[in-house]
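The exercises below are meant for a reader who is new to this structure. Each consists of a task and a solution worked in steps.

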Amino acid sequence: MIDYFKAEWIKNRKVVILAIGLIFLALSSFIGLANFFLNYDVLSEEQMSRVLWGQLTFYNGQLLFPAMLAIFSGLIILPEFERKTLEMLRSNQVSVKKMVLSKFLLALFLVSVIQAVLFAIYLLTLYLSQIPFQIEDLLLFLRATILSVIGSSSVLMIHSYLMAKTKNFAKSVGVAAIGSFSGFIFIMLGGFINQLFPYSQPMIGLRSRALNDMSFLEFMLFITVNSLFSFIFYWLTVKKLENNE
C-alpha cells in the first residue's frame, strides 16, 4: 500500500492542486472576513471570536468547498484515462483497489493542508485584530477543522466515481455546484435531511453555523454518514475502473 501511495505522490501535480485549493480558500476567506469586519462594530467582545469563525468558514464549507473537492478528485483520477494508462496498469495486474485508496488518501492529505491553512488564517486574524478568545473555543474549532477533513471524504469519493464514470471534468464540477447550492437550501430550510446530505458534510464538520460542539449522537451520525458514502462510492469507483472499456 505504501508503494501505491508513493506512486500517486510522485505522478500527481500536487503543487497545482494545492494552488487551486488556496485560490478557493482565498476567495471564501475574503468574503467571510469582509462580512465579519463590516459588522464588527455591532458585535460584543464575547461574540467576536466565534462569529469570526462562522463567517470565515461558512462560505468555504458550504458553497466553495465541494467544487474544490470535485476539482481535486478530477485532477487525481483523470490522468489514468490519458494515453491508455489505465489499460496498461491493469495489464500489469496493478491492484485497482489499492490505487483508488491511495488516490483517496492523497486527496485527503491535500485537503488537510488546505484546512490547516484555513485554521492558520483564523488564528492570524485573531492576533492581528487583537480579538479576545477562549482556549476552549480554539480547541473546538481545531477539532472542527479536523472533522471537516473527515466530512470531505464522502464528496471526494462521489466525485472520484463521477470522474471514473463520465471522464468529464466539467460534469463533475457542475454536479458539485448543484450539490453546494442544494445544501445551502437545506440549511435554510433546516431539518434532518441536511445531516444526511453528502455536500453538507464539510460544513457540518466545520460547525460554521452551529458554533457548538457536536453531541455524541451527532458525532456518530456524522461518522456513519461519511463512512457509508465513502465506502459505497469507493466500491463503485473500483468496479467502474476494473470494468472500464
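Helix H3 is mostly covered, with 25 of its 33 residues buried; buried means under 20% relative accessible area, exposed over 50%, and partly exposed in between, for a 1.4 Å probe and protein chains only. Helices (H or I, at least four residues) and strands (E, at least two) are DSSP runs, numbered from the N terminus.

The model is predicted: local features need pLDDT of at least 70, side-chain atom pairs count only at pLDDT 80 or more, and totals for chains, interfaces and linings use all residues. Residues are numbered from 1 along each chain as its sequence is written, and side-chain values use heavy atoms, with hydrogens and water left out.

**Exercise 1. Describe how H3 packs against H5.**

Step 1. Two packed helices are described by the angle between their axes and the distance between the axes. Axes are lines fitted to C-alpha atoms, for helices over the stretch in contact, and angles run from 0 to 180 degrees between N-to-C directions.

Step 2. H3 (residues 45–77) and H5 (residues 96–129) pack at about 155 degrees, and their axes are 11 Å apart. H3 is therefore roughly antiparallel to H5; angles under 35 degrees count as roughly parallel, over 145 as roughly antiparallel, 65 to 115 as roughly perpendicular and the rest as oblique.

Step 3. The crossing of H3 past H5 is right-handed. A crossing is left-handed if the near helix is turned anticlockwise from the far one by less than a right angle, and right-handed if clockwise.

Step 4. The residues of this contact between H3 and H5 comprise 19 nonpolar, 5 polar and 1 charged. Ala, Val, Leu, Ile, Met, Phe, Trp, Tyr, Cys and Pro count as nonpolar, Asp, Glu, Lys and Arg as charged, and the others, Gly among them, as polar.

**Exercise 2. Describe how H6 packs against H3 and H5.**

Step 1. H3 and H6 pack at an angle of about 25 degrees, their axes being 8 Å apart. H3 is thus roughly parallel to H6.

Step 2. H3 and H6 form a right-handed crossing, and the residues of their contact divide into 14 nonpolar, 8 polar and 2 charged.

Step 3. The axes of H5 and H6 cross at roughly 150 degrees and come within 9 Å. These two helices, H5 and H6, are therefore roughly antiparallel, and H5 passes H6 in a right-handed crossing.

**Exercise 3. Characterise H6 itself: its span, its kink and its burial.**

Step 1. H6 has 32 residues and reaches 47 Å from its first C-alpha to its last, close to the 46 Å expected at 1.5 Å a residue.

Step 2. A kink of about 25 degrees in H6 is centred on Ser 153.

Step 3. H6 is mostly covered, as 23 of its 32 residues are buried.

**Exercise 4. Examine the phi angles of Gln 130 and Lys 167, and place each residue.**

Step 1. Most residues other than glycine have a negative phi.

Step 2. Gln 130, although not a glycine, has a positive phi of about 55 degrees. Gln 130 is found in the loop between H5 and H6 (135–166), and counts as exposed at 71% relative accessibility.

Step 3. Lys 167 also has a positive phi, near 55 degrees. Lys 167 lies in the loop between H6 and helix H7 (169–189) and is partly exposed, with a relative accessible area of 35%.

Conventions. Expected span 1.5 Å × (residues − 1). Bend = angle between axes of the 7 residues up to and from the residue.
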